[in-house]
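Please keep the sequence and the model in view while reading.

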Amino acid sequence: MTATAELRGLRGDRAKAKPENKAAFWFLLPWFLGLFAVTLGPMAASFYLSFTDYNLLQPPEFTGLGNFERMLTDERLHSSLGVTFTYVLVSVPLQLGLALALAVLLDRGVRGLAFYRSVFYLPSLLGASVAIAVLWRTVFGTEGLFNEGLGLFGIEGRGWISDPETALSTLITLNVWTFGSPMVIFLAGLRQIPAMYYEAAAVDGASPLRRFASVTLPLLTPIIFFNLVLQIINAFQSFTQAFIVSGGTGGPVDSTLFFSLFLYQRGFGNFDMGYASALAWLLLVIIGAFTAINFWASKYWVYYDD
Amino acid sequence: MRSTDPCSRRALAKAGLLGAASAPLLASCGFGRGGEMVLSDEPVELRLSWWGSDLRTQQTNEAVAAFEAEHPNITVRGEYKEFGAYWDGLATTFAANDAPDVIQMDEQYFKSYSARGALVDLNEAEAAGFLDLSRIEEDLLVTGQAEGGQFALPIGSGVIALAVNADMLAQYGMDMPDDTTWTWDDYAAIALELTERGGGDITGSGITGGVDVASVRYWVRQRGNELFGENGDVTLDPDLLVELWEYYIGMIESGASGTPQQMVEDTGVGVEGGRLATGRTAFGLIHNTQISALRRGSGADMRLLQMPQHDGMPGNFIKPSMYWAVSAGSEHPAESSLLVDFLVNSEAAADVLGTERGVPANTEILEYLTPQFDESDRIAVDYLEAVVPGDPLIVTPNGGSNVNPLITRIGQEVYFGETAPDEAAEALIDELQGEIDATK
């Protein structure tokens, strides 16, 4: 029985379900309290503040749409949007591609699968951490490990993180490197594809490539969609890596000025919390728009097998 | 009664539960509702906050313990952070009406706080007899004044200096430059020769100017200009800034200084971690009191040179290294003032704190400490005494607290060749003035 059938069964038997609902309410209560106190409350506050001029030290002054008008002419905001879009649009496809490729390889029944899965998953756990960002800063420095490695091949390196031309690329690499969590989800998805489809395809003489393209990919599209939505949202919110690698500046020359980092600088560095709140809502709208487009487009390429 | 007070903890907690309603309420509380300037008989708990190294934290805790021993009813809780995080956190605690009682303050920030009524006028503390301001060096004391009040008390002073690695000069057979006469051209020529003699192993100098506020101030003051005017507006002459940037572009191109990439890597690693400390370059810009850390970090014979000259015009300035300030929201301004008094005026505190927060602004304490100085302290103090300062520094106005990161960012654009110097100078002045105007 599939999950939806199970749900239908529950719905049909309301009287029985009621006490369970009550219990569920009590179990959910702590979560609801958290949701209201630390998520919805602050969100409502920030919504109000986004229409004010608020320097943290004095009461906010209502300025209507002033903050939003200011966004139109704020060149630093525009350049931070450019950096963020580049980061999202380049790193997410690369990351998902790598995750899928490795998941397919591992699914071939490699010996020691559990070991490899853990090893590849590790960066996902560490990737957004301060320690890894510090490590990255060191590895990609002028005298870092990466340049030492290049030196072995007689290639002269550069200050990857200190050069505005390459700083963003190193952060993209860092994000791609944390492919482990989508990979694990892909692996789980691959396991659910019934073996009989492959057998049937093999009988019909389909090549491995053909089997991947005609069986694996279509049946995996819901998982790809899920990972895509999740990783895009994550990438838009990236903060730690750029904050640590650039020492909080978004430099050199604003080349790593992620949107969330710019927002943080305005709010806490410039006593400009009203504008920062408005920026936070802009980010929400952008992420919402991307997610909506994703869902709309999914009608055309995501295939549900039920 | 407290319970009717819209800003009591209980009222705030209730408002917090209502979520949405809390924001305007919290904000309307503001602060400046601190306690009276009288001592309490009850036990008092103070919070003291600072930024800085582990050494500073250890020394401060020790000084605080001595203070607590003198005042049995006062306990002091220390809070410390790294410089950048400190300011982010401090602004937030003020917004939450939960600021520490005694705050270590910086020249670039203090007017942003005092102009918004966030700090206690220490003249009141002096009038009440809790704090003595009379022994603080007059030129420094004025840098803590604003709108007719003494909102911050300078702890110590510092001046910018060129640090030079004497071992490295000796290694490459160069003489120590005569810093009583040398000019900017001499400096560039010496650095270039050093780079050439180094054969690619070193660069003569780091990029010692144009990406930080101190070097810009020095350069323009030598040419009769100031970064900020008395009225709190930007008075920086864009042509002088262009000249400064072009000077360093010349040094970068000739190889006299390191590359912009190396400069970026050096920012944020501290004076002990940069290329000067690791023996990759011979000249770097520091504050005189950083010489201890630099000598310790490098293990080399580091010395201080007076900055290069320009037409004999004194450009240097004695900068308050940092201040103590008391939060206007403090419930115990009297005890807080006693703590500040102890930290800057007592020999017991001086014995522990030494010159770590700068050469003491209290002239008697400086005299008291002089016989105890080690070599690094002596280099720093001798240097300070040899400096011929120009006019007193005009403190960063309200809204200008972002000036250093701004100069860093736009200076980098120039050195990486992304923006032409003249365009960048105009952009910098516009943006800085814009931030200041936004607070008016």
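Predicted model: local features only at pLDDT ≥ 70, side-chain atom pairs only at ≥ 80, totals over all residues.

## A four-stranded sheet in chain B

In chain B, four strands make up an open sheet with mixed pairing, and their order is β8-β9-β7-β10. The edges are formed by β8 and β10 (302–305) of chain B; each has a single partner strand, so one side of each lacks a neighbour in the sheet. On average, neighbouring strands of this sheet are turned by 30 degrees against each other, with direction ignored.

Strand β7 of chain B, residues 160–165, pairs with β10(B) in the antiparallel sense, and four bridges connect the two. Within this pairing, B:Val164 has B:Arg303 of β10(B) as its bridge partner. Two helices pack on the sheet. Helix α13 of chain B (residues 291–298) touches β7, β9 (281–287) and β10 of chain B, and its direction makes about 150 degrees with that of β10(B). Helix α17 of chain B (residues 375–386) touches β7 and β10 of chain B, and its direction makes about 10 degrees with that of β10(B).

The loop between β8 (203–205) and α10 (213–221) of chain B contains B:Thr208. Is this residue, B:Thr208, buried or exposed? Its relative accessibility is 5%, and buried means under 20%, so B:Thr208 counts as buried.

The side chain of B:Thr208 is joined to that of B:Tyr187 by a polar contact of 2.9 Å. Leaving aside residues up to four places away in sequence, B:Thr208 touches several residues, including B:Leu162, B:Ser215, B:Tyr248 and B:Phe283. B:Gly284 and B:Leu285 are also among the residues that B:Thr208 touches.

Strand β3 of chain B covers residues 102–105. B:Val102 and B:Gln104 point one way from this strand, while B:Ile103 and B:Met105 point the other way; all are buried.

Which strands pair with β3(B)? Strand β1 of chain B (residues 44–51) runs parallel to β3(B) and is joined to it by two bridges. In that pairing, B:Leu48 stands opposite B:Val102. Strand β11 of chain B (residues 319–326) pairs with β3(B) in the antiparallel sense over four bridges. There, B:Ala325 in β11(B) stands opposite B:Ile103.

## The second largest pocket

The second largest pocket has a volume of about 990 Å³. It is lined by 37 residues, and the closest to its centre are A:Arg70, A:Arg266, B:Glu431, B:Gly434 and B:Glu435.

Helices of chains A and B contribute to this lining. From chain A, α3 (66–73), α4 (75–107) and α13 (259–269) each supply at least two residues, as do α18 (403–415) and α19 (421–437) of chain B. The helix that gives the most to the lining of the second largest pocket is α19(B), with five residues.

## B:Thr419, between two helices

B:Thr419 lies in the loop between α18 and α19 of chain B; both of these helices supply residues to the lining of the second largest pocket. The relative accessibility of B:Thr419 is 17%, so this residue counts as buried under the 20% limit.

The side chains of B:Thr419 and B:Glu413 make a polar contact of 2.8 Å. Apart from residues up to four places away in sequence, B:Thr419 touches B:Glu413, B:Val414 and B:Ala424.

How values were computed. Residues numbered from 1 in each chain as written. Chains lettered and ligands numbered in written order. Heavy atoms only, no water. Buried < 20%, exposed > 50% of the residue type's maximum accessible area, 1.4 Å probe, protein only. Polar contact = N/O pair within 3.5 Å; in protein donor to acceptor, adjacent residues only side chain to side chain. Contact = heavy atoms within 4.5 Å. Pairing = 2+ DSSP bridges. Axes fitted to C-alpha atoms, helices over the stretch in contact; angles between N-to-C directions. 1 Å grid on protein atoms, 1.4 Å probe; cavity = no way out; pocket = protein on both sides within 12 Å on 5 of 7 lines; lining within 4 Å. Points joined across faces, edges and corners; volume = space filled by probe spheres on them.
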